[in-house]
2 protein chains.
Amino acid sequence: MIRRATPADIGTILRFILELAEFEKLAHMVVATEEILTQSLFGANAKAHALIAEVDGEAAGFCIYFYNFSTFLGRPGIYIEDIYVTPEQRSHGLGKCFFEYLAAKAADEKCGRLEWWVLNWNQRAIDFYTRLGAEPMDEWTVYRVSGDHLAALALPKEIA
Amino acid sequence: MIRRATPADIGTILRFILELAEFEKLAHMVVATEEILTQSLFGANAKAHALIAEVDGEAAGFCIYFYNFSTFLGRPGIYIEDIYVTPEQRSHGLGKCFFEYLAAKAADEKCGRLEWWVLNWNQRAIDFYTRLGAEPMDEWTVYRVSGDHLAALALPKEIA
């Protein structure tokens, strides 16, 4: 069963985020706390949304998504930031349940696309996405500016 | 000068979107209309925001952005969907003005990152981004499901 997360799930979500980061070999990058997550997912200005997968009443995975926007389509899409299923519940179709849930939501809200990133070495995930009918956008590369470079870029301007 | 777009700019924005798509060799993909764009940028449930660059009181470019979210940081970032400067105004620093404006906005709103995609063949843009201190996220690939595949995925589920 897939359901919307509530503030009572924050402890579980943070634990899952840490497990996912461990799997992605990126655990050193996690600086989120329960307080920051509560604000970001349930605060007045929340931009992201969380889902929980339950098996026999126990949380077995989570998903975080937000809305992006396609200029060419002129309409929003859904971007999946994370999908995670606990090791003991993997291979039972929960991952696909999240995709089906979000595809239905996209249809319901007239969103044109579901998009997400995958680490290039995660072949098992890539095979799964290919079976879903997803296509790699490999003519594009994502660029990011953060940290000191972002601060330096911000210096000369005041925003209107 | 960079300013927020208003509904009166929609005609200009759509014209710029078409010029940008032409440059990206993706003009066949544009299905946006003034009506759809007005709804998406200024409607009650708008997820995306537009900026206009002006030179001598004339629109010389546009930028569309929205908020994304980093699970690891536990906070939002700004994703730049499009930046476009008209051919006659290029090489005068307007592109950088958009980045500076959004970097200042990111700092102001405690967003951790600016991110965007670039077409791999657009070396002039890549060189510019590198000078800004941006880094390619080339260990990741974006996947997308849309159209018939998205509709098929949505079929079995009702959303809660």
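Tyr67(B) touches residues of both chains: Lys47(A), Phe66(A) and Tyr67(A), along with His49(B), Gly77(B), Ile78(B), Lys105(B), Glu109(B) and Cys111(B), leaving aside residues up to four places away in sequence. Contact here means heavy atoms within 4.5 Å. Please keep in mind that this is a predicted model, where local features need pLDDT of at least 70, side-chain atom pairs count only at pLDDT 80 or more, and totals for chains, interfaces and linings use all residues. Residues are numbered from 1 along each chain as its sequence is written, chains are lettered from A in the order in which they are written, and side-chain values use heavy atoms, without hydrogens and water.

**Around Tyr67(B)**
- Tyr67(B) sits in strand E3 of chain B, residues 58–70 (strands are DSSP runs of at least two residues, numbered from the N terminus).
- Tyr67(B) has a relative accessible area of 11% and is therefore buried (under 20%, with a 1.4 Å probe and protein chains only).
- Its side chain makes a polar contact of 2.6 Å with the side chain of Glu109(B) (a pair of N or O atoms within 3.5 Å, one able to donate a hydrogen and the other to accept it).
- Between the C-alpha atoms of Tyr67(B) and Asp127(B), 60 residues apart along the chain, there are 25 Å.

**How the two chains relate**

**Confidence**
- Chain A has an average pLDDT of 92, and 97% of the residues score at least 70 (pLDDT is the predictor's confidence in each residue, from 0 to 100).
- For the complex, the predictor gives an ipTM of 0.89 and a pTM of 0.87.

Definitions and conventions
Helices (H or I, at least four residues) and strands (E, at least two) are DSSP runs, numbered from the N terminus. Buried means under 20% relative accessible area, exposed over 50%, partly exposed in between (1.4 Å probe, protein chains only).
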